[in-house]
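Q: I have a structure open and would like to go through it piece by piece. Can you take my questions as they come?

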Amino acid sequence: DYIGDAETIAKIMGGWTDFDVAVATFDMMRDVGKLGKVLGVRGLMPNPKAGTVTMDLAKTVAELKKGRIELKVDKTNIMHSVIGKLSFSAAQLAENLLALLAALGRAKPAAVAGRTAYVKSVTIAPTMGPGLELDLRDVWDKMGM
C-alpha cells in the first residue's frame, strides 16, 4: 500500500507504476488528472464509474484487496472482465472463472428464466490472441447450477 501526495505524483510522472490499482479522493483528482498520460495507458487511472474515486478510502482498499473485480459491458451487451494473469496457474484461472460465473448467476434478475437466457456464451481469450469458446452446459453442470 502506498499513500500518495505531491511527491508520489512526481514519482509516477517519472514513470513509476509499481502498483496494481490507483485509488483517489475527489479533491485529489485535480492533481491526479495530470497523470493521465502515465496511468491512462496502463489502465490505472482512478475513475468514479469503477469506484476508484471515493471518499471512503479504507473501504475501497479493503474491497480491492479481497479481490473486487471490475466488470465492463460494451454497447453490444458483451461483458469484459479480467480473470487472471500469465503468472496464474490453470487451477487459479479456473477458480476465478467459476467465481465470475457464479457472481453473474447471482446477479441474474428473477424475471430472466433459464440458465442460458442471461449468459448466452463465454469466450476466454488472452489480451492478444484467439479466443476459446467454452461449453456452457458443461460449466453449469460443474458448478451445480
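Q: What is methionine 29 in contact with, leaving aside its neighbours within four places in sequence?
A: Methionine 29 is in contact with Ala24, Met45, Pro46 and Val53, where contact means heavy atoms within 4.5 Å. This is a predicted model: local features need pLDDT of at least 70, side-chain atom pairs count only at pLDDT 80 or more, and totals for chains, interfaces and linings use all residues. Residues are numbered from 1 along each chain as its sequence is written, and side-chain values use heavy atoms, with hydrogens and water left out.

Q: Where is methionine 29 placed?
A: In helix α2, residues 29–32. Helices (H or I, at least four residues) and strands (E, at least two) are DSSP runs, numbered from the N terminus.

Q: Methionine 29: how exposed is that residue?
A: Methionine 29 is partly exposed, with a relative accessible area of 21%. Buried means under 20% relative accessible area, exposed over 50%, and partly exposed in between (1.4 Å probe, protein chains only).

Q: And how far apart are the C-alpha atoms of methionine 29 and methionine 45?
A: They are separated by 10.0 Å, with the two residues 16 apart along the chain.

Q: Stepping back, how many helices and strands are there?
A: The protein has six helices and four strands. Starting at the N terminus, the order is α-α-α-α-β-β-α-β-β-α. The C-alpha trace spans about 55 × 35 × 30 Å along its principal axes.

Q: What share of the residues counts as buried?
A: 19% of the 145 residues.

Q: Which residues make up the largest nonpolar core?
A: There are 11: Ile9, Ile12, Trp16, Phe19, Ala22, Ala24, Val32, Leu35, Val38, Leu39 and Leu44. The elements giving two or more residues to this core are α1 (6–13) and α3 (36–42). A nonpolar core is a set of buried Ala, Val, Leu, Ile, Met, Phe, Trp, Tyr and Cys residues joined through side-chain atoms within 4.5 Å. A second, separate core has eight residues, including Leu101, Val122, Val139 and Trp140.

Q: What about threonine 8, buried or exposed?
A: Threonine 8 counts as buried, at 17% relative accessibility. Threonine 8 lies in helix α1 and touches Ile3 and Trp16, not counting residues up to four places away in sequence.

Q: New topic: which residues are buried in α6?
A: Leu136, Val139 and Trp140 are buried in α6, which covers residues 136–143. They lie on the same side of α6 because they cover an arc of only 95° around the axis; the arc is that of the directions from the helix axis to the C-beta atoms.

Q: What is on the face turned away from that buried side?
A: That face of α6 carries the exposed residues Arg137, Asp141 and Lys142.

Q: And what covers the buried residues of α6?
A: The cover includes α5 (90–107), β3 (122–124) and β4 (132–134).

Q: At what angle do α5 and α6 cross?
A: Their axes cross at roughly 90° and come within 11 Å. Axes are lines fitted to C-alpha atoms, for helices over the stretch in contact, and angles run from 0 to 180 degrees between N-to-C directions.

Q: Which residues meet there?
A: Leu98, Leu101 and Ala102 in α5 meet Val139, Trp140 and Met143 in α6.

Q: Last one: is glutamate 95 buried or exposed?
A: Glutamate 95 is exposed, with a relative accessible area of 55%, and its place is in helix α5.
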